[in-house]
Amino acid sequence: MFDNFDALLLARIQFAFTVSFHFIFPAFSIGLASYLAVLEGLWLKTGKQLYLDLFRYWLKIFAVAFAMGVVSGIVMSYQFGTNWSVFSDKAGPVIGPLMAYEVLTAFFLEAGFLGVMLFGMSRVGKKLHFAATCMVALGTFVSAFWILSVNSWMQTPTGFEMGANGQFLPGKSWWDIIFNPSFPYRLVHTVIAAYLTTAFVVGGVGAWHLLKEASNSHARKMFSMAMWMAALVAPIQIFAGDMHGLNTLEHQPQKVMAMEGHYQSHPDGAPLILFGIPDSAEKRVKYAVEIPKASSLILKHDLNAPLAGLDTIPDDQEPPVGIVFWSFRIMVGIGFAMLGIGAWSLLARLRRKLYDWSWLHRAALVMAPSGFVAVIAGWITTEVGRQPYVIYNLLRTEDAASPLAAPAVGASLLAFVLVYFAVFSVGTWYIMKLMSSAPHPAEPGVKRTETGPIRTAGITPGPTQNPGGTQPVPGNEGEV
Amino acid sequence: MDLTVIWAFIIAFAVFAYVVMDGFDLGIGILFPTFKVGAERDQAMNSIAPVWDGNETWLVLGGGGLFAAFPLAYAIILPATYPLIIAMLLGLVFRGVAFEFRWRDPRHRAFWDFAFTGGSLVAAMAQGMVLGALLQGVEVSGRTYAGSWFDWLTPYTLLTGIGTVAGYALLGATWLVWKLEGDAQSHAYRLAFRSAIATLVLLACVSLYTPFLDAAYFDRWFAMPSFLFASQVPLLTAIIAYFLFRGLRRKHEASPFWLSLGLFLLGMAGLGVSMWPYVVPDQITIWDAAAPERSQIFMLVGVGITLPLILAYTAWAYWVFRGKVGQDGYH
């Protein structure tokens, strides 16, 4: 049924689909793992039950999200070989070792300590358990370090030599490969994005429960913590994004031209096109709403600085403009909306109305999934923006694919689409079910028994009545 | 000994670690429907819930390590076994999420239990068939796979696939013998006995079939002087099989699991005899496929530092959850 399709296009769709779906989960779990470490640390430091309750509440959600991240991540580690074997053969000597380091220093760390983090509190004690939580959080960050180094090397390759057999070979210094020019910017921008994404999820869940019960102290605490993140980190992210953009202008100017919609060169100051419809056939942005010279101001810090356009680039080396133009605007728009929520929350805090302004809570609720949209839009911008290359200026995407027939790629794509939508929709539904139940005192941990809260061993007390709520909850202290 | 040989052993170690560690997880998945709904199934799953994720990570090291140390082999083997790899990955998706999802949704627990078994079965079968497809040979032209996308489907690969399923079931059953008590344990003993017989029969079939696939295999097994070394593999297998059955009859709790691991180790040794020094049999040697020395050295530093640590904290995690699973899960 896929005989009339282009195998290359199907392989590209497959990679885009599987990696986009996958990245949703790490974008959440990188931030959430750190948040859990902070909550457990605060619990150990202050001894307040509230923090342990919040820890347990989010731990259950983390368990589900992490499982989905793991299974969709394993797919990625094999996609290089199955669908991009020519790329794997050529780039393997350079990026393979970085990915091996990711497995050795990050994946094992996360997976090795996850079991203790989820089920081990009563077996190892509080302090060792906290150490395990920190190791999982560290693992998520180290993983981001290596994989973003790989991605950045593909965008801004440095430190390599060309082998006689057509392979990219490592040069004298691995430092030049790992810390390639775009890597520090991409790392900072992506990790902050993950923190913001998580903060807005936590804030949205807090807001939802505040709207239902304004006096819920657990909801208040998580909302307050999330809003601090929004207020402090959203401005940093906008600054980091600007720096990343300037770095892209230096190393991948075509990408910035597509982001800005600059089909033409502007020798004396380029306008900032706010909105419009890019038309690549006519090589112009229709119905453009623009601010004169503002793009030169942002990119060159000079109103009259000349900016080259796509007219300086041969047609077969240009990225698709429309997708990049729009995904960039979605990302930036959400970034500024996050900034707005952060500022609004500061105002509310100043007036001592943080838990009372229901319109702020409603806005935070609407913004809960915004981080995911922004993160995916950002990745679309950077990945589509580097086309038609998979290794920038050196290996074209069309020369990197596996020698597979279209029916093979099409059938596997169809299988991925069906399975991912079914499995991950259900998983997301379970997460939302967990989020919809209010956090409450003596929050139970990750449950693994059929028999409910009563333990057969007889050491732990039976169910006790929750003084603040209506549900019976277990009173066992060590359970996580 | 050169770096390429060291790397071949590191990859072989990662593959072996994966096969035995996720092998018992997948085996439990395969045997899952034979356990009673309720406490028995919960215990079977709880016995691996804290460790399955770490076990599966060895698959990423095996694949990622092959990519890094032998990129050419990675670039040929994966397209050659494309549908199998995709099936394995999708199987692992269902198997992995079932660990969490079955607890989140009691009304659909039966479905997620089915997904747990189905995913485990598909992944095990696919892994065994990938091995068979590799051993029966793949078509290579230049630096790429040159066959079509169903070359891997033959009676031989079906045999290696079923053999792997049986072997994983043996690992799973002996693990459960170790971790369970009472009726559930008695059931695990029966399963271990049956899967041991199936494993040994299928292992014998594969071992007899393989030398006749290719004259080079035959020579490596039966020509002097390699015969002197190679013949130890079936001999040791017979000895281990004897002790395995004896252990099961005398209701030993831990030894059946370790002896089953021994069977897999010997299977790995037999594989080594057949393939060495090829990574794609009779086409690509480990030296043809090897990454350049700079990549090998850089990664060897990483492996030298991290692998002992990984083994240490993995052992610690197993130690934390040692002993019988009990009725109440891990709390």
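**A tour from helix α11 of chain A**

Select α11(A) and then what covers its buried residues, which includes α7 (183–212), α8 (217–251), α9 (253–260), β3 (272–279), α12 (358–366) and α13 (370–384) of chain A. This is a predicted model, where local features need pLDDT of at least 70, side-chain atom pairs count only at pLDDT 80 or more, and totals for chains, interfaces and linings use all residues. Residues are numbered from 1 along each chain as its sequence is written, with chains lettered from A and ligands numbered from 1 in the order in which they are written.

Helices (H or I, at least four residues) and strands (E, at least two) are DSSP runs, numbered from the N terminus. Buried means that 20 or more other C-beta atoms, placed from the backbone, lie within 10 Å of the residue's own. Residues of α11(A) to pick by this test include A:Phe325, A:Phe328, A:Met331 and A:Ile341.

Just after α11(A), A:Arg352 has a positive phi of about 60°.

Zoom out to chain A, with 14 helices and 8 strands. Of its 480 residues, 50% count as buried.

Finally, show both chains. The contact (C-beta atoms, placed from the backbone, within 7 Å) takes 63 residues from chain A and 66 residues from chain B. On the chain B side, α5(B) gives the most, with 16 residues.

Terms used. Buried ≥ 20, exposed ≤ 12 C-beta atoms within 10 Å, placed from the backbone. Contact = placed C-beta atoms within 7 Å.
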